Amino acid sequence: MEKFKITFFPDNKTIEVEKGKTILSAAISAGIHINSSCGGDGVCGRCKIILKKGQLVSLPTGRITAEEKKKGYHLSCLAVPQSDLEVEIPKESRLDSETIAKEDGYLLRLKGVYSESEDVAQGESILGEEIFIHSPLATKLYLDLPKPNLEDKISDLERIYRAVRSYQAIPVLQTGIANIRRLGELLRSSDWKVTVMLGKRNGTTEIVLIEPGDTSSENYGFAFDIGTTTICGQLIDVNSKKILGTKAAYNKQASFGSDVISRIIFAQEADGLEKLHHAVIDEMNIMIQELARENNIDLNDVTCCLCAGNTTMIHLLLRVDPTYIRREPYVPTANFVPVIRAAEAGIRMNPRGLLGCVPGISSYVGGDLTAGALACGMDKTDKLSMLIDIGTNGEIVLGNKDWLISCAASAGPCFEGSGVSCGVRASKGAIQRIKINPKTFEVEYATILDAAAKGICGSGYIDAIAELRRTGIIDRSGKINPGLRHPRLRQGEYGKEFVIAFKEKVGTSSDIIINEVDIENLKRAKGAIYAACSTLVRHMQLDFDELEQIFIAGGFGTYLDMPNAIFIGLLPDLAREKFVFVGNSSLVGARQILLSHEAIIDAENIARKITYFELSVEPQYMDEYVAALFFPHTDLNKFPSVQ
Amino acid sequence: MAIELVKEKWSNAVATVVIGATKEEGGSRATVVKCAGEEGLPFLFAEGKIPNRPVIAMEIFDLEPDDWPESLKQAIGSEIKSPVDWALKCEKEFKADLICLRLSGAHPDAQNRPVDELAKTVKDVLRATGIPLIVLGCGEDKRDNEVLPQCSQAAKGERILIGEAAQENYKTLTASVLADGHSIIAQSPIDINIAKQLNILISDMALPLERIVINPTVGALGYGLEYAYSIMERARLAALCGDKMLAMPFICFVGLEAWRAKEAKALTEEFPAWGSQIERGIIWEALTATTFLQAGADILVMRHPKSAEIARRHIDELMVV
């Protein structure tokens, strides 16, 4: 196939592309950013470039003024090279129009707030991945079309339809006008050998993109779990269903407010919504870029993206005003968001690639929980099950295949390693297991991937509290015993603290410690989650003993010590074998939906089926919460094994 | 036909706390007070034994209080200037069951009195009187942690009731009380869970449950009385249903709360329509007291001798089976 070289200025980067690809696609392959928000439909007019040298064909557009035309302006999404080219990307196409938001972003990056995302360890998923048939959100199909002749002279588009239908029975097929406009030239220049990308969009199938040549073996997608505190992204080979890499980063929106409510309030300020939107999109784009680069994947071959997140996060991702989530009667703008073009949300991948969001349940229980319930198969089991997703917002689902009810309680970010003095995400070097010698108070710990310790992650904190309590270093309210004398115990800047690891030993800039403020935060977090579970169980006139299986989800990495989680009163005191640690179930659910159309139908059913139980109007909740602010609980009878 | 009353069966009794020790017991009290031990709800004699009547402690200060209304000070008389005289008057004239000595002079914002001087006041009051003693700190944690251990030691053997321990500051006092054989007041902010948590924390330090008295924190009539009432009621119901960690006597600082109320303090001239301040204040305190008796109060700490008298007569009437 004929190829052309395109050099972009001012980057001075050159890339080779097949004949028939647009300049926008070429730029994406080269890793050069050109604004685009319509996804290559030629309507937004934000992807202007200036042709400096060479030949191209472009479709007419009203977005280029006569004067611009004279200067050599074209829309990169409509321009197809006919020779080697030199093009310049003007300033207005490089910077998003929301410059304030961007500058803010750069500033944050300079300040170090925008840290690099990092690889996270994902435990082997014990969840049944194979239950759904393989039918991804976006598929690629290589077509070697018979050339038209006088006997076979159906139109170009019908020719494509006919070929597609010979593989799959798809009664309703759609194609956008942008594709049709380019079709005639494209088919002929690529010698009738093209790859079509089929997207499942809201009940119909769309021919999303037609590319020259055979790219069908390269089809990648991203699953995202967009949490209030942590964003987790996963690159998946859509054809083989293989996971190629997983990364996590803190949600940079945190600098505008640590919880959803303060972010909703911030969104109402001038440029607030823009800033929040960019914070999340930036982080996702960084992850997409890094994972694609590490796996040697062309961003043009990233065709689909599936996001699970709480309702506010999804609103902010799509730059939809979240104001009404917070106002009585707490109604979100959309729980079921139709599949859109990823570019419309600002995600940088194939400009015509698709973005799906897992359907949400209510204003305060989002698609992340739907995805979790889906991943755990809660809608398919006879067993009375509970899913506890331990995140900034602790979310609980209770039920079985006949009924499902959920609630959410604000727990704070400390189990995700944020808001605590030495907290880190569950990634390489995070302390995730701790043992304290009851006599000498010496600490044994294990880090993720056995790397040098850099901080403590959620599962490490659970162990730490359990061990501090077991050894009598802290009392049931979480206060450090002032009578004890030991080199590891001392007065710190924020009250009494216990040293888990000394800096000399681990090579960190300061000692890794846990102090009374941390313990208080962790106590509140575990109290909120336990109280939500017990209020929900009581609301259904059930007893914890009646639960047959309990799925524990959260960003705990590969490990969670269930007995310790029970010992500190985070989880109810039940037979250990009833607990199943499922890791990031929301990400698993998002991946299932990305890879199977069947799963999205199930997810929609789950979202419709789940009843939402509002804890904030339940007077009993506050009482349960205060009772749970104790290790393990004020009512010790609830924890018979922890006496 | 006689009506058969429905009787509740309770599975647990409230602990009995003994305050004061006689000579034989290693102290010097003429009388000791046995508190609580109820096997049922207040004054429902048919449902369970009420072995001990609620008692009244009269509150005295080591320094003459500067924020008391004139009428209240006058009711005490000139003895208000000396804690020993004041205590004696409470015992002999006002018929108090106990003395409750508040060491307000320990507060750094008051006179910041030296520790040994305060301990001496405790000793002096003990020497002058024959009824059991309650000692309270000034409410400033750091200072109390200096003062109360010394006072506890000074009263060793006398089995006093000493306070107050709170969730943020209970260890020092518990350790003293444990060492010197006294009992402790555990204060919680009108919250049944925190009340219980504090009791667990204190008992985790090996102090027996029969040496803990709950101060649930109350509000005066018109100032959250109903809320405090319902918290006490819930705690008591839980106790009688078997929750040992809530089965302790209640001490209610009725005088402290009632005399903070504007309705008790405001002068007759300011609000002529409210009637005489002298009577109003007395009634405010008395009504607050009698209400908490119904909620299960075991020790009422009161200020005005007249209010105390009304409360005592009321207890007499209620204790008739």
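Visitor: What domains does the assignment give for chain A?
Guide: Domain 1 (3-93), domain 2 (104-122 + 220-357), domain 3 (138-212), domain 4 (377-413 + 522-636) and domain 5 (416-516). The bounds come from an automatic or database domain assignment. Residues are numbered from 1 along each chain as its sequence is written, with chains lettered from A and ligands numbered from 1 in the order written. It's a predicted model: local features need pLDDT of at least 70, side-chain atom pairs count only at pLDDT 80 or more, and totals for chains, interfaces and linings use all residues.

Visitor: How far apart are the C-alpha centres of domain 3 and domain 4 of chain A?
Guide: They lie 46 Å apart.

Visitor: What's the strand order in the open sheet of four strands in chain A?
Guide: 9-11-12-10, with mixed pairing. Strands are DSSP runs (E, at least two residues) numbered from the N terminus, as are helices (H or I, at least four), and two strands pair if DSSP finds at least two bridges between them.

Visitor: Why is one side of strand 9 and of strand 10 left without a neighbour?
Guide: Because strand 9 (138-144) and strand 10 (173-175) of chain A stand at the edges of the sheet, each with a single partner strand.

Visitor: How many bridges join strand 9 to strand 11 in chain A?
Guide: Seven, and the two run antiparallel. One bridge pairs A:Leu143 with A:Val194 in strand 11.

Visitor: New topic: how many residues does each chain put into the contact between A and B?
Guide: Eight from chain A and ten from chain B, where contact means C-beta atoms, placed from the backbone, within 7 Å.

Technical notes: Contact = placed C-beta atoms within 7 Å.
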